[in-house]
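Me: I'm new to this one. Can you walk me through it, a piece at a time?

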Amino acid sequence: MITHRAIWSAIDSLAQRRGLSVSGLARMAGLDPTAFNPSKRVSKDGRERWPSTESIAKMLGSAGESMDQFLAGGGVYEQADNHQAAVPLLGFAQAGAGGFFDSGGFPVGQGWDEVNIPVGPNSNTYALEVSGDSMLPLYRDGDVIIVSPAEQIRRGDRVVVRTHDGEVMAKILHRQTANNIELHSLNPEHPPRALSTNEVDWIARILWASQ
């Protein structure tokens with residue numbers, strides 16, 4: 001079951017991905033700036049409140065996201081009692097080696113494991129297991145991130161990028177043009193990266209993480 005808290009958390013996550021406050025997200029959708037504020041989430045008698053379907057529709061329309069993207073991006077699928085689906089799993093450190101991906105960033109070849117995740121079956125998703133601390137504070141060693149090369153990516157999305165040299169990194173897409181890609185680091189101790197599109201093998205959007 002999808003809970004009140006999960007939906008509000010997904011709204012918070014969408015605002016963060018767009019680099020906005022929840023008030024800024026509401027204004028972008030043409031809503032009252034207080035529509036998504038914490039004060040609107042609980043009634044005066046203490047009962048939890050749902051955001052209106054109209055406000056969610058306007059928010060998703062202005063953000064250019066589908067309902068599935070909204071729920072997945074906020075981790076709602078992870079919190080919901082959905083059936084498990086097995087997807088390919090690979091260690092993040094292994095992802096830089098050759099033979100595991102096709103030119104579009106989809107899994108191929110041998111050496112993949114599997115992991116069950118609470119998301120409906122989707123041949124476009126797979127899992128990468130985080131190793132090390134380069135993705136702190138968002139992702140810790142041992143976390144599993146679910147990614148999809150088929151999802152459209154936009155500024156502010158968390159992505160996995162693989163270069164033709166075999167470097168694999170999880171970053172935040174800051175800007176993308178026909179010739180260049182600017183990436184911000186998840187870990188503030190790591191500087192931003194700028195790559196030419198000729199250097200990039202593929203980019204896949206991070207849908208959520210099992211933490």
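Me: Before we start, what does "partly exposed" mean?
Reply: Buried means under 20% relative accessible area, exposed means over 50%, and partly exposed is in between. Keep in mind that this is a predicted model.

Me: OK. Which of those classes does E199 fall in?
Reply: E199 has 38% relative accessibility, so it counts as partly exposed.

Me: Where is E199 found?
Reply: In the loop between β8 (193-196) and β9 (200-210).

Me: What does the side chain of E199 reach?
Reply: The backbone nitrogen of S196, at 2.9 Å. E199 also touches T163 and H164, leaving out residues up to four places away in sequence.

Me: And how far is E199 from V42?
Reply: Their C-alpha atoms are separated by 49 Å. Along the chain, E199 and V42 are 157 residues apart.

Me: Let's move to β9. Where is W202, and is W202 buried or exposed?
Reply: W202 sits in strand β9. Its relative accessibility is 3%, so W202 counts as buried.

Me: What is W202 in contact with?
Reply: Setting aside neighbours within four places in sequence, the list includes F101, D102, S103, G104 and G105. Y126, V160, V161 and R162 are also in contact with W202.

Me: How far apart are W202 and D102?
Reply: In space, 9.2 Å from C-alpha to C-alpha. In sequence, W202 and D102 are 100 residues apart.

Me: New topic: D157. Where is D157 found?
Reply: D157 is in the loop between β4 (144-148) and β5 (158-163).

Me: Is D157 buried or exposed?
Reply: Buried, because its relative accessible area is 0%, and the cut-off for buried is under 20%.

Me: What does D157 reach with its side chain?
Reply: The side chain of D157 reaches the backbone nitrogen of R154 at 2.7 Å. Beyond its neighbours within four places in sequence, D157 is in contact with R17, R18, Q152, K171, I172, L173 and R205.

Me: I want to ask about S185 too. Which residues does S185 touch?
Reply: K171, I172, H190, P191 and P192, not counting residues up to four places away in sequence. K171 and I172 are also among the contacts of D157.

Me: Which polar contact does the side chain of S185 make with another side chain?
Reply: One with the side chain of K171, at 2.8 Å. A polar atom of the S185 side chain also lies 2.8 Å from the backbone oxygen of P191.

Me: Where is the place of S185, and is S185 buried or exposed?
Reply: S185 is in strand β7 (residues 180-185). S185 has a relative accessible area of 16%, so it is buried.

Me: What about P188, buried or exposed?
Reply: P188 counts as exposed because its relative accessibility is 72%. P188 is in the loop between β7 and β8.

Me: Which residues is P188 in contact with?
Reply: L136 and P137, leaving aside neighbours within four places in sequence.

Me: Last topic, the helices. At what angle do α1 and α3 pack?
Reply: Helix α1 (residues 4-17) and helix α3 (residues 53-63) pack at about 25°, with their axes 12 Å apart. They are therefore roughly parallel to each other. The crossing of α1 and α3 is left-handed.

Me: Which residues make the contact?
Reply: From α1, I7, I11 and L14. From α3, I56, M59, L60 and A63.

Me: How do the residues of that contact divide by type?
Reply: The contact of α1 with α3 has 7 nonpolar residues, no polar and no charged.

Definitions and conventions. Residues numbered from 1 in each chain as written. Predicted model: local features only at pLDDT ≥ 70, side-chain atom pairs only at ≥ 80, totals over all residues. Heavy atoms only, no water. Helix = DSSP H or I, 4+ residues; strand = E, 2+ residues; numbered from the N terminus. Buried < 20%, exposed > 50% of the residue type's maximum accessible area, 1.4 Å probe, protein only. Polar contact = N/O pair within 3.5 Å; in protein donor to acceptor, adjacent residues only side chain to side chain. Contact = heavy atoms within 4.5 Å. Axes fitted to C-alpha atoms, helices over the stretch in contact; angles between N-to-C directions. Parallel < 35°, antiparallel > 145°, perpendicular 65-115°, else oblique. Left-handed = near helix turned anticlockwise from the far one by under 90°. Nonpolar A, V, L, I, M, F, W, Y, C, P; charged D, E, K, R; others polar.
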